[in-house]
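Please read the following report alongside the sequence and the coordinates.

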Amino acid sequence: RKPWTVPMLRAAKQDGRRMAMLTCYDASFARAVDAAGVDLVLVGDSLGMVMQGHDSTLPVTVEDIAYHTACVARSLRYALLVADMPFQGDASPQRALDAATAFLRAGAAMVKIEGAGPKLEVIRHLVEREIPVCSHLGLTPQAVLRMGGYKVQGRDDATAMLLREQARQVVEAGAELVVLEGVPSGLAEAITAEIEVATIGIGAGPHCDGQVLVLHDMLGMDSGHRRPKFVKDFLAEGGSIVGAMRAYAEAVREGRFPAAEHSYT
Ligand code: KIV
Ligand code: NA
């Protein structure tokens with residue numbers, strides 16, 4: 001087993017090797033995720049809900065992400081560590097650069113940025129300064145107020161076209177990975193075929209180059225919210241925490257997860 005590097009992401013897509021990603025927020029779970037052979041680890045701003053008990057990701061700060069990134073990084077030997085840019089951490093290219101620099105110093109290899117539009121300039125600013133960027137498109141939770149809830153995106157022709165355009169734009173701006181969240185599986189399939197960098201789906205159907213889930217969701221923990229359709233509890237079949245992570249990683253690699261029942265059409 002070789003430690004993951006950013007260039008290996010494109011190679012994995014070319015070779016048709018599906019990648020399994022999980023969120024993680026602390027050193028103990030990070031040790032388990034790494035032992036289970038999970039490829040990519042995300043210190044998501046979902047920590048606002050999972051760790052801090054907020055209703056959304058909006059209260060999460062750059063300092064919060066840097067702290068949890070440092071905790072997770074100490075345990076990882078193989079998985080590639082991605083840190084999430086929190087709400088308004090990327091309000092300007094310079095702010096984004098300061099935050100991303102803190103995340104790389106804390107041990108991240110890549111920084112995830114929600115959205116396109118004004119974020120294209122942010123992506124370019126980071127990539128030109130040697131900071132690898134993962135884009136996040138579709139249902140972007142930091143836009144919850146504008147969306148009026150967590151709603152599947154790209155269901156009509158116009159918004160589907162817009163999303164395909166955004167995917168091309170973020171790759172053009174230098175993104176090396178694209179998370180697609182909450183989009184119909186046919187649209188995620190089309191985007192995955194159209195761009196040369198790997199797509200990582202969550203609620204985006206089975207045709208992406210990889211998958212991501214929130215750690216606590218795949219361990220069947222009650223979030224206090226209705227469990228979304230795309231979540232599967234792997235603890236029952238895995239038998240233990242590491243076993244659940246291993247079962248998830250294998251199901252993603254073999255194309256058994258997600259199934260149609262976890263997808264939107
Ligand atoms: O914050 C997070 O956990 C995420 C993933 C669900 C993609 O952004
Ligand atoms: Na996030």
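Predicted model: local features only at pLDDT ≥ 70, side-chain atom pairs only at ≥ 80, totals over all residues.

Residues are numbered from 1 along each chain as its sequence is written, and chains are lettered from A and ligands numbered from 1 in the order in which they are written.

The protein chain contains twelve helices and eight strands, taken as DSSP runs numbered from the N terminus (helices H or I, at least four residues; strands E, at least two). Its radius of gyration of 17 Å agrees with a compact globule, because 265 residues would give a value near 18 Å. That radius is taken over C-alpha atoms, and the globule rule is 2.2 Å times the number of residues to the power 0.38.

| Property of the protein chain | Value |
|---|---|
| Buried residues, of 265 residues | 53% |
| Contacts with a separation of 6 or more that join residues 24 or more positions apart | 63% |

Buried means 20 or more other C-beta atoms within 10 Å of the residue's own, exposed 12 or fewer, and partly exposed in between. Contact means C-beta atoms within 7 Å; in both cases these atoms are placed from the backbone.

The residues around ligand 1 include Thr23, Asp45, Asp84, His136 and Glu181, where being near means a C-beta atom, placed from the backbone, within 6 Å.

His54 lies in the loop between helix H3 (47–50) and helix H4 (62–73). His54 counts as partly exposed because it has 14 C-beta neighbours inside 10 Å. Apart from neighbours within four places in sequence, His54 contacts Gly48, Met49 and Pro59.

Conventions: Contact = placed C-beta atoms within 7 Å.
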